[in-house]
Amino acid sequence: MKTKKQLTLYVDTRRCMGCRACEIACKLENNLPAGPRYTMVTETEVVEDGADKLKFLPVPCQHCADAPCMKACPTGAIYKREDGVVLVNRKKCIGCHECLWSCPFGVPQYGADGKMQKCTLCAFRLDLGERPACAKACPAEAILVGTTEEISAVLRSRYGAENAAPRLDAFRAAERRAAAGGKP
């Protein structure tokens, strides 16, 4: 049996503008009541180039390759699909919160029934060849879902030329100075 490649979720913080479209799309897609949120956009104040700025970071389940929540679950309610999507069988969950305490992102949520629920990476959409609701709704295309190779290719196309050209120009100028007898 051929194993599918591990899917991962990546948030391009250079693009996130804090619109919360991902939060809204997720709540609508999963028919969530008030309270639980499978994606939460956090805000952080930073100083950048001498100016105060606000940075945003959506924090859904990261579907970790080596998921600590899965290891911590005493009933085996948390499991991983062949493509790496981490899911929970709520019938097996006893609401002990071990998964929440072990998750470095604090992602697991608890419903009115006291059982864990979380982002499924819209597994049913993935099965249909579609993107998760959060990624589809993001107007800045900040949420990427795919293999690390696919995500890396997108990031290289977005930022590779932007960063490579100035470095290459500086390198060539240093080569010219060195060839002319100057310091590199």
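Predicted model: local features only at pLDDT ≥ 70, side-chain atom pairs only at ≥ 80, totals over all residues.
Cys-69 touches Ile-78, Val-86, Cys-99 and Ser-102 once its neighbours within four places in sequence are set aside, where contact means heavy atoms within 4.5 Å. The residue sits in helix α2 (residues 68-72). Buried or exposed: which is Cys-69? At 9% relative accessibility, Cys-69 counts as buried; the term buried means under 20% relative accessible area, exposed means over 50%, and partly exposed lies in between (1.4 Å probe, protein chains only).

Residues are numbered from 1 along each chain as its sequence is written, and side-chain values use heavy atoms, with hydrogens and water left out.

**The chain as a whole**

- The protein chain holds six helices and eight strands; helices (H or I, at least four residues) and strands (E, at least two) are DSSP runs, numbered from the N terminus.
- Following the sequence, the order of elements is β-α-β-β-α-β-β-α-β-β-α-α-β-α.
- The chain has 184 residues, and 38% of them count as buried.
- Of the contacts in the protein chain with a separation of 6 or more, 50% are between residues 24 or more positions apart.

**Helix α1 and its surroundings**

- In helix α1 (residues 21-29), the buried residues are Ala-21, Cys-22, Glu-23, Ala-25 and Cys-26.
- Which elements do the buried residues of α1 pack against? They pack against β2, β3 (51-60), α5 (133-137) and β8 (143-146).
- After α1 comes Asn-31, with a positive phi near 50 degrees.

**Thr-39 in strand β2**

- Thr-39 belongs to strand β2 (residues 39-48).
- With a relative accessibility of 3%, Thr-39 is buried.
- Beyond its neighbours within four places in sequence, Thr-39 is in contact with Cys-22, Glu-23, Cys-26, Pro-58, Val-59 and Pro-60.

**Salt bridges**

- How many salt bridges are there? The count comes to 13, taking a salt bridge as a side-chain nitrogen of Lys or Arg within 4 Å of a carboxyl oxygen of Asp or Glu.
- Arg-15 pairs with Asp-12 in a salt bridge, their closest N and O atoms being 4.0 Å apart. Arg-15 is partly exposed at 31% relative accessible area, whereas Asp-12 is buried at 2%.
- Lys-55 and Glu-48 form another salt bridge, with 3.2 Å between the closest N and O atoms. Lys-55 is partly exposed at 32%, and Glu-48 is partly exposed at 29%.
- Arg-125 and Glu-130 meet through their side chains in a salt bridge of 3.6 Å, N to O. Here Arg-125 is buried at 9% relative accessibility, while Glu-130 is partly exposed at 36%.
- A network of salt bridges links Arg-20, Glu-23, Arg-37 and Glu-43. Glu-23 is also one of the buried residues of α1 and one of the contacts of Thr-39.
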